[in-house]
Amino acid sequence: MAWASSPCSKLERKNLHGQDAHATVMTVLQLEHYLAVGAIMFCIGLVGFMTRRNLIVVFLCTELMFQGVAINLIAFSAFHQNLGGQAFVIFVLVIAASEASLALGLVILLFREKNTLDADAWRQLRG
Amino acid sequence: MLGFSVPSIVALSAPLAEAQAAPASSSAPILAPAVVLLLCIFAGIGTFLLLPSRRDVSFRRIGAAMVVTGLLILVAILAGTEAGMGVYFWIFSGVALLAAVRVITHPKPVYSALYFVLTVFASAGLFVLLQAEFMAAALVLIYAGAILITYVFVIMLASQTSPTGSSASFISEYDAVSREPLIGSVVGLALMGILLFVIFDRGNNLAPRVPPPHEDAEIVKMEGGTQKLGVYLFIHQTVNLELAGLILTISMVGAIVIARKRVVYHEGPAGRPEVTVAPATPIDDNPFSIPVFGTVKPGQKAYPET
């Protein structure tokens with residue numbers, strides 16, 4: 001645990017010496033650090049999603065939550081040396097892009113209807 | 001919750017020394033549950049004060065100071081564990097989290113979007129540290145390059161003009177006052193506390209590292225993460241990749257259908273040409289208005305196209 005460098009250099013060092021391909025890239029402790037960053041980012045996005053009233057900022061906060069999840073997936077991908085996590089993030093990006101395009105189209109439509117971006121203007125949708 | 005927090009409050013004063021003394025492979029949690037709880041309460045109050053409202057500016061400054069202090073305490077405790085995290089991890093994660101806090105607390109949406117770009121760049125740095133170079137590049141390209149530009153365009157399209165005319169410092173009411181900041185902060189930070197508790201207290205129960213299941217010769221012989229990822233995608237995820245393309249196409253068509261406008265030029269009063277703008281796809285919830293071939297109903301709605 002004395003090496004205070006990034007995991008990247010560890011892998012390169014291992015590969016340079018021709019050792020096994022499954023070099024020790026991450027420990028559980030490092031994984032916990034990345035998971036904590038992802039969790040905190042997700043919760044910040046959640047707070048923004050619940051408290052902000054501007055429709056555009058609300059959708060921006062969902063993107064923030066996507067970011068937290070993506071950090072988690074990439075961290076597990078590096079921890080298990082499994083490319084499935086990165087592939088999953090690609091699909092998360094696809095969903096985020098399509099969600100953003102559809103949501104922004106809806107925001108434009110709603111803005112034309114009421115001439116405001118206030119989410120409370122659509123209070124009637126609560127039923 | 002009090003059950004586990006009260007006895008460990010006694011040991012609260014020395015979590016840093018304890019964490020420093022603990023070897024990395026020991027089963028003791030890095031963060032005591034009480035520390036997580038107190039940090040979350042602290043950051044929650046800070047977030048509550050920082051959220052946009054008509055409060056005094058000094059209160060928001062206090063909130064910002066509380067959030068930054070909470071983050072610094074967390075960093076100090078975690079850095080004491082000497083888990084081999086490089087300095088870049090702390091820089092990138094700190095920038096990402098502070099920018100994320102600014103995204104949800106800045107009253108102007110344009111600045112929120114720009115702070116989100118900062119968050120995306122910092123996350124891309126974290127991805128590079130995790131050897132996901134291709135994902136870092138894709139994140140910058142797609143998020144900062146495409147999605148955020150679209151957001152900024154929509155913000156400019158849908159901006160409200162100020163009633164007084166001076167638009168420089170005008171913040172509309174729904175941007176300046178947030179909805180239920182107290183409940184939102186409590187719920188979000190409670191979830192954060194639970195997540196951090198589970199991560200740091202039960203982290204040793206994480207599944208042991210197993211050799212990768214996809215030990216295909218095509219993947220192993222590839223050089224570099226990007227080539228490996230590409231080969232992995234086209235060996236194991238081919239159908240999903242095609243479906244992703246299909247989803248993107250569908251969402252593009254859907255966005256066009258939702259937001260397209262129909263512009264009609266016609267003669268107005270006094271012979272002047274007029275322009276009328278209407279949604280290209282009329283919103284119609286009357287099931288009897290759907291035109292059925294071969295029947296003519298008097299109640300049928302006239303579509304602009306017909």
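## Elements of chain B

From the N terminus on, the order of elements in chain B is α-α-α-α-α-α-α-α-α-α-α-α-β-β, which amounts to 12 helices and two strands. Helices (H or I, at least four residues) and strands (E, at least two) are DSSP runs, numbered from the N terminus. The model is predicted, so local features need pLDDT of at least 70 and side-chain atom pairs count only at pLDDT 80 or more, whereas totals for chains, interfaces and linings use all residues. Residues are numbered from 1 along each chain as its sequence is written, and chains are lettered from A and ligands numbered from 1 in the order in which they are written.

Chain B has 306 residues, of which 30% count as buried. A residue is buried if 20 or more other C-beta atoms lie within 10 Å of its own, exposed if 12 or fewer, and partly exposed in between, with C-beta atoms placed from the backbone. Two residues are in contact if their C-beta atoms, placed from the backbone, lie within 7 Å. Of the contacts in chain B between residues at least 6 apart in sequence, 53% join residues at least 24 apart.

## The interface between the chains

In chain B, 85 residues are in contact with 74 residues of chain A. On the chain B side, the elements that give two or more residues are helix 5 (87-105), helix 6 (109-129), helix 7 (133-157), helix 8 (173-176), helix 9 (181-201), helix 11 (225-236) and helix 12 (238-259) of chain B. Helix 9 of chain B gives the most, with 12 residues. By class, this side of chain B has 57 nonpolar, 22 polar and six charged residues. Here Ala, Val, Leu, Ile, Met, Phe, Trp, Tyr, Cys and Pro count as nonpolar, Asp, Glu, Lys and Arg as charged, and the others, Gly among them, as polar.

One helix pair across the two chains is helix 3 (residues 55-80) of chain A with helix 7 of chain B, whose axes are 12 Å apart at an angle of about 175°. Axes are lines fitted to C-alpha atoms, for helices over the stretch in contact, and angles run from 0 to 180 degrees between N-to-C directions. Helix 3 of chain A is therefore roughly antiparallel to helix 7 of chain B; angles under 35 degrees count as roughly parallel, over 145 as roughly antiparallel, 65 to 115 as roughly perpendicular and the rest as oblique. Ile56(A), Leu60(A), Glu63(A) and Ile74(A) of helix 3 of chain A meet Met135(B), Ile147(B), Tyr151(B), Val154(B) and Ile155(B) of helix 7 of chain B. These residues divide into eight nonpolar, no polar and one charged.

## Helices 3 and 4 of chain B

Within chain B, the axes of helix 3 (residues 33-50) and helix 4 (residues 57-79) come within 7 Å and cross at roughly 155°. The two helices are thus roughly antiparallel. By class, their contact has 16 nonpolar, four polar and one charged residues.

Helix 3 of chain B is mostly covered, with 13 of its 18 residues buried. From its first C-alpha to its last, helix 3 of chain B reaches 25 Å, close to the 26 Å expected at 1.5 Å a residue. The expected span of a helix is 1.5 Å times one less than its number of residues.

Because 21 of its 24 residues are buried, helix 2 of chain A is largely enclosed by the rest of the structure.

Helix 4 (residues 84-114) of chain A has 31 residues and reaches 44 Å, close to the expected 45 Å. In this helix lies Phe91(A), which is partly exposed, with 16 other C-beta atoms within 10 Å. Leaving aside neighbours within four places in sequence, Phe91(A) is in contact with Asn240(B) and Ala244(B).

## Residues with positive phi

Most residues other than glycine have a negative phi. Gln81(A), in the loop between helix 3 and helix 4 of chain A, has a positive phi near 55°. Gln81(A) is partly exposed, with 19 other C-beta atoms within 10 Å. Gln131(B), in the loop between helix 6 and helix 7 of chain B, has a positive phi of about 65°. Gln131(B) is buried, with 23 other C-beta atoms within 10 Å. Just after helix 4 of chain A, Asn115(A) takes a positive phi of about 60°.
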